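Dear colleague,

I am passing on the structure that we spoke about, and my notes on it follow directly below. Please read them with the model open beside you.

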Amino acid sequence: MAGLDEGAPLFVQIAERLADEIADGALAEGERVPSTNELAAYYRINPATAAKGISMLTDDGLLEKRRGIGMFVAAGARSRLLAERRKRFAERYVEPLVAEAGRLGINADELIALIRESSYAQKGTGA
Amino acid sequence: MTPAISVDGLSRRYRGQLALDNVSFDIEPGTITGLLGRNGAGKTTLLRTLAGHEFASAGTVTVLGASPVENEKVLRRMVFVREDQAYPDIRVRQAVQTASWLYPEWDADLAGSLLEEFAVPPDRKVRKLSRGMRSALGIVIGLAARAEVTMFDEPYAGLDPVARQLFYDRLLADYAERPRTVLLSTHLIDEAAGLLERVIVIDRGRIVFNTGADDLRGAATMVSGPAIAVAEFTAGRSVWDRRRIASQESAVVAGALDETDRARAAALHLHLEPLTLQQMVVRTAATSVTSPQERTIA
C-alpha cells in the first residue's frame, strides 16, 4: 500500500485521495481518472477496493462513466466539492482549533493574531 | 453465482486431535481471500484438503463445482503453491516445463519474465536453489498456471521484502488481467492486507471471522486519553482490553463507531485509532489463548 495507512477503510481513503486531487485542480473537470486496475496497481490494493472508492465518487456525482472509455471528472465537480468543504471547514478545523486553544489558555485575540502571522508567513514563502 | 470453493461442515481428525472442526464457508469466484491465523490453526490442513491432498474426516469440499479428490478435471483448473514445495532432482527449466503440461491455461511468456524478475537461474538444479529462490519458483508456477483457483500457502519463505513486494505487484497485475479466485495464507498480514477483498480468520480449527477485509479493519477501535474520559466513553460498550499508565488509559472497543461517537470522542479529547487487520487477528487469537507469552502471531 503506497502511503495508505490511516486506518479509515481503504476504499474511503482512495475516494478521499481522488477528491483531494479534484479539489486541487490536479484532476481537471473532463479529465480521465485512473482506472480501477491502475489505482489497484499504484496503491497495491485489491481492484474491488479501488472500484468501491471510485463508486463512492460516482454516487456523489463527482465522477461520470463514459461507456467503453473510463471514468471522468464530472462538470462542476470541483466547485461542488469546494462548497461542500467550506461548509465543513468550521466543524473540521475551526472547532478543534478553538478547543485546543482553550485548553492551552490561548484567548480569541491571541488565536486571531497567530492565524494572521501564519497566513503572512505562508504568503511570504509563496506557499 | 456458484461459489468457486464451497466447504460444508468440514472436520479433519488426526489421532484424536481435531485439526479442522466443523468448518463451513463459500468463496465467490474472482475474489482474493486471505486465510489468516496462527501456526497450527489449521490453515495448511484446510488448503491441502481443498487441493485434494487430504481427506475430510467429515463434511464436504467442493471446488469449481465438484470434489477435488482424485478429480483430474478439477485439479487441472487449480494450482496449489505450498510452503517449501518439494521437487524431484530436476533443473528449474524442467520444473517449469512440467508445470506447463499440467495447466491448460499456462502462460509461458509470463513464466519466462517472472523467472527473470525474480532472478531464478533456469539452468540451476532446483535442489541447489536457495530457500528464497525455491519460493520464487513456486510463485512463478503459481502465477503462470493462471488457474481458475490459485492457492498460495505461505509462499514466501526466505524471500526478502523486495521480492515479496514483487510477488504482490505481479499477483495484482495478473489478477487484473485475468481475474481468478485466489486464496492466500499468510502471517505477514499488514503487508498483504491491501490485496485482500475477503478475510477468513481461523483459530484452533474453527472459523473466527469470514468477512470483507474492510469490515474487519473497522471492527474495533483503540480509544486512548485521560482515564476518566475513556471510562465515560466506553461505558456500556464491549471492551476487549484496557491498559493504564498514570492517569492515561487505552481501551479497545469492539464494534464500528459512527459520527456521533467520533464527535463525542473529540469532545472528550480522546484519540481514536482503528485496529489494523493484523492487530485484529492478534486480538482474536489472544482472547482464546490463556498463556500470555504465546500472544503473538509470528
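I begin with the core: of the 100 residues in the largest nonpolar core, those that touch the most other members are B:Met78, B:Leu137, B:Val140 and B:Met151. A nonpolar core is here a set of buried Ala, Val, Leu, Ile, Met, Phe, Trp, Tyr and Cys residues joined through C-beta atoms within 7 Å, and a residue is called buried if 20 or more other C-beta atoms lie within 10 Å of its own, exposed if 12 or fewer, and partly exposed in between, with the C-beta atoms placed from the backbone. Helix α5 of chain B (residues 131-144) gives this core its largest share, eight residues. Leaving aside residues up to four places away in sequence, B:Met151 touches B:Leu47, B:Leu50, B:Ala51, B:Met78, B:Val79, B:Phe80, B:Val81 and B:Leu183; contact means that the C-beta atoms of two residues, placed from the backbone, lie within 7 Å.

Before going further, please keep in mind that this is a predicted model, in which local features need pLDDT of at least 70 and side-chain atom pairs count only at pLDDT 80 or more, whereas totals for chains, interfaces and linings use all residues. Residues are numbered from 1 along each chain as its sequence is written, while chains are lettered from A and ligands numbered from 1 in the order in which they are written.

Helices (H or I, at least four residues) and strands (E, at least two) are DSSP runs, numbered from the N terminus, and two strands pair if DSSP finds at least two bridges between them. On that basis, chain B has an open sheet of six strands with mixed pairing, in the order β5-β6-β7-β3-β8-β9. Its edge strands are β5 (78-81) and β9 (206-212) of chain B, each of which pairs on one side only, and the twist from one strand to the next averages 15°. Within this sheet, β3 (residues 32-36) and β8 (residues 198-203) of chain B pair in the parallel sense over four bridges, and B:Leu36 stands opposite B:Val201 in β8(B).

Two helices lie across strands of chain B, and their angles run from 0 to 180 degrees between N-to-C directions, with axes fitted as lines to C-alpha atoms, for helices over the stretch in contact. Helix α1 of chain B (residues 43-50) lies across β3, β5, β6 (149-153), β7 (181-185) and β8 of chain B and runs at about 150° to β6(B), whereas α5(B) lies across β5 and β6 of chain B and runs at about 170° to β5(B).

A further open sheet of chain B has three strands in the order β2-β1-β4, with antiparallel pairing. Since β2 (17-27) and β4 (58-63) of chain B stand at the edges with a single partner strand each, one side of each is left without a neighbour in the sheet. Strand β1 of chain B (residues 5-14) pairs with β2(B) in the antiparallel sense over seven bridges, and B:Tyr14 stands opposite B:Gln17 in β2(B). The loop between β1 and β2 of chain B holds B:Arg15, which has a positive phi of about 40° although it is not a glycine. B:Arg15 is exposed, with 4 other C-beta atoms within 10 Å. As background, most residues other than glycine have a negative phi.

Turning to domains, whose bounds come from an automatic or database domain assignment, chain B is given domain 1 (5-211) and domain 2 (216-294). In chain A, the division is into domain 1 (10-75) and domain 2 (78-124), with C-alpha centres 29 Å apart.

Finally, the two chains meet through 16 residues of chain B in contact with 16 residues of chain A. On the side of chain B that touches chain A, the largest share, five residues, comes from α6(B). By class, that side has nine nonpolar, two polar and five charged residues, where Ala, Val, Leu, Ile, Met, Phe, Trp, Tyr, Cys and Pro count as nonpolar, Asp, Glu, Lys and Arg as charged, and the others, Gly among them, as polar.

With best wishes
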